[in-house]
Amino acid sequence: MDASKPRLCRLIYFSSVSSHLQESDLDDILAESIKRNERDGITGLLAYDQFNFMQVLEGEEEPLKFTFEKICCDKRHKNILILNEGSID
């Protein structure tokens, strides 16, 4: 691996919703995530039902770690479980 190239990573997690979310809450999450992820070069997918989140995040290692730390501190999540994480091409 070229030391000058940033390390790209993928992180997949599952969490439970800590309280019932309204559609407007989801709209707020989506709008904020799009803006922040675009700025930080992170891509991914967020799946949600009334009880759980499942998300795939991809990007450079440091911004990805920072984003996941923010998710872990978000009171809308509980019981966060990392399903998969590691380097990608």
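The model is predicted, so to speak plainly about its limits: local features need pLDDT of at least 70, side-chain atom pairs count only at pLDDT 80 or more, and totals for chains, interfaces and linings use all residues. Residues are numbered from 1 along each chain as its sequence is written, and side-chain values use heavy atoms, with hydrogens and water left out.

**Terms**
- A pocket is an open set of points on a 1 Å grid over the protein atoms alone, where a 1.4 Å probe fits, with protein on both sides within 12 Å along at least five of seven lines; lining residues have an atom within 4 Å of a point.

**Largest pocket**
- Helix 1 (23-40), strand 3 (52-60) and helix 2 (61-73) each supply at least two lining residues; helices (H or I, at least four residues) and strands (E, at least two) are DSSP runs numbered from the N terminus.
- Helix 1 gives the most to this lining, with five residues.

**Second largest pocket**
- Among the 14 lining residues, Leu30, Ser33, Ile34, Asn37 and Gly44 lie nearest the centre.
- Helix 1, strand 2 (43-48) and strand 3 each supply at least two residues, and helix 1 gives the most, with six.
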